[in-house]
Amino acid sequence: MERRRLRELDVSALGLGCMGMSEFYGATDEAEALATLERALDLGVTFLDTADLYGSGANEQLIGRGVAGRRDEVQLATKFAQRREGDRRWIDNSPEWIREACDASLRRLGVEHIDLYYMHRRDPDVPIEESVGAMAELVQAGKVRHLGLSEVSAATLRAACAVHPIAALQSEWSLFTRGLEDELVPAARELGVGLVPYSPLGRGELGGALSIDDDADFRRFLPRFQGENRDHNLALVERVRELAGELGCTTAQLALAWLLHQGDDVVPIPGTRRVRYLEENAAAADIRLSEEQLARIEAAVPAGAAAGDRYPPAGMATVER
């Protein structure tokens with residue numbers, strides 16, 4: 001597996017999003033998840049992404065078990081800020097919570113330090129300088145090696161970098177989601193911030209064979225997966241499938257290869273909980289696309305082509321633009 005750098009952090013060119021191993025996409029299988037983690041490390045997919053939100057901490061515990069004995073091979077990324085108690089959910093960027101959340105994540109992961117610690121979402125009522133200042137204290141204390149932000153605006157990113165170097169910006173980026181390309185990507189590159197696209201397969205839709213038949217799968221509530229929006233987006237997937245067939249790869253592999261070709265500072269983290277999809281995704285790192293092929297992909301799925309918002313209104317309200 002090729003290696004890339006998020007500022008000073010060396011990671012695998014493709015990471016592994018671990019959220020679905022514990023929650024959100026329907027029934028889970030811990031044994032299969034642990035097998036997927038083991039296989040990831042064997043393939044050189046060593047950049048693992050989790051958060052304290054996922055499974056209310058259960059995902060971090062799972063990842064901790066999965067990397068036990070192989071910690072030196074792994075770059076662990078986790079996140080704080082999205083809190084929940086029962087049906088109540090809120091964003092907490094306070095320095096007090098940042099310190100408490102970090103210590104709790106370290107305990108669940110069973111490690112002495114976190115390689116990349118993200119602010120999961122931004123609370124506009126808390127100055128970013130205050131929050132990043134508290135995160136910087138974690139670096140000074142040796143609990144965290146590098147800092148990241150998720151789903152923030154270019155202005156917030158600039159303000160954060162003025163306090164402490166930010167290694168990575170995690171935002172949704174795929175053939176279906178390209179709004180960050182106009183302003184945010186150039187700003188990140190100007191500041192030396194690496195780019196970590198989550199949901200690089202459009203939450204699985206760009207895999208070309210997604211079936212949402214589990215009542216616990218939260219994609220049922222996302223506008224892109226409903227009614228005419230989904231019909232429109234599936235037609236786009238068929239265009240990708242045709243191009244992938246010509247190149248001898250799968251639709252998922254072509255979508256990931258397209259992202260990897262957007263720059264050597266781009267490290268997608270496709271999520272999966274199954275070994276076979278992990279292996280399929282990892283193989284995308286070996287695909288080389290010509291300028292002509294990239295242009296054909298662009299023509300087939302131009303920016304803004306996907307229908308429907310990424311989240312319902314409440315979710316979109318937490319995303320800075």
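Reader: How many disulfides does the count come to?

Author: Zero, taking a disulfide as a pair of cysteine sulfur atoms within 2.5 Å. Cys-18 is in no disulfide, and the nearest cysteine sulfur, that of Cys-102, is 18 Å away. Some background: this is a predicted model, where local features need pLDDT of at least 70 and side-chain atom pairs count only at pLDDT 80 or more, while totals for chains, interfaces and linings use all residues. Residues are numbered from 1 along each chain as its sequence is written, and side-chain values use heavy atoms, with hydrogens and water left out.

Reader: Is Cys-18 buried or exposed?

Author: Buried, with a relative accessible area of 1%. Buried means under 20% relative accessible area, exposed over 50%, and partly exposed in between (1.4 Å probe, protein chains only). Cys-249 is buried too, with a relative accessible area of 14%.

Reader: Where does Phe-24 lie?

Author: In the loop between β3 (16–17) and α1 (30–43). Helices (H or I, at least four residues) and strands (E, at least two) are DSSP runs, numbered from the N terminus. Phe-24 is buried, with a relative accessible area of 13%.

Reader: And what about the phi of Ser-199?

Author: Positive, about 50°, and Ser-199 is not a glycine. Ser-199 lies in the loop between β11 (194–198) and α7 (227–247). Ser-199 counts as buried, at 12% relative accessibility.

Reader: Now α3. How far apart are its end C-alpha atoms?

Author: 21 Å. Helix α3 covers residues 95–109, and its 15 residues should span 21 Å at 1.5 Å a residue, which agrees. The expected span is 1.5 Å times one less than the number of residues. Just after α3, Gly-110 takes a positive phi of about 70°.

Reader: Which α3 residues are buried?

Author: Pro-95, Trp-97, Ile-98, Ala-101, Cys-102, Ala-104, Ser-105, Leu-106 and Leu-109.

Reader: What covers them?

Author: The cover includes α2 (58–67), β5 (75–80), β6 (82–85), β8 (114–119), α4 (128–140) and β9 (144–150). Contact here means heavy atoms within 4.5 Å.

Reader: How do α3 and α4 pack?

Author: At an angle of about 35°, with their axes 9 Å apart. Axes are lines fitted to C-alpha atoms, for helices over the stretch in contact, and angles run from 0 to 180 degrees between N-to-C directions.

Reader: Which residues meet there?

Author: Pro-95, Ile-98, Arg-99 and Cys-102 in α3 meet Glu-130, Ser-131, Ala-134, Met-135, Glu-137 and Leu-138 in α4. The residues of this contact divide into six nonpolar, one polar and three charged. Ala, Val, Leu, Ile, Met, Phe, Trp, Tyr, Cys and Pro count as nonpolar, Asp, Glu, Lys and Arg as charged, and the others, Gly among them, as polar.

Reader: Tell me about Met-135. What does it touch?

Author: Not counting residues up to four places away in sequence, Met-135 touches Phe-80, Ile-98, Tyr-117, Tyr-118, Met-119, Leu-147 and Gly-148. Met-135 is buried, with a relative accessible area of 0%. Met-135 and Gly-86 are 49 residues apart in sequence and 27 Å apart in space, C-alpha to C-alpha.

Reader: Last one. Where is Thr-78 placed?

Author: In strand β5. Thr-78 counts as buried, at 0% relative accessibility. With residues up to four places away left out, the residues that Thr-78 touches include Ser-105 and Leu-109.
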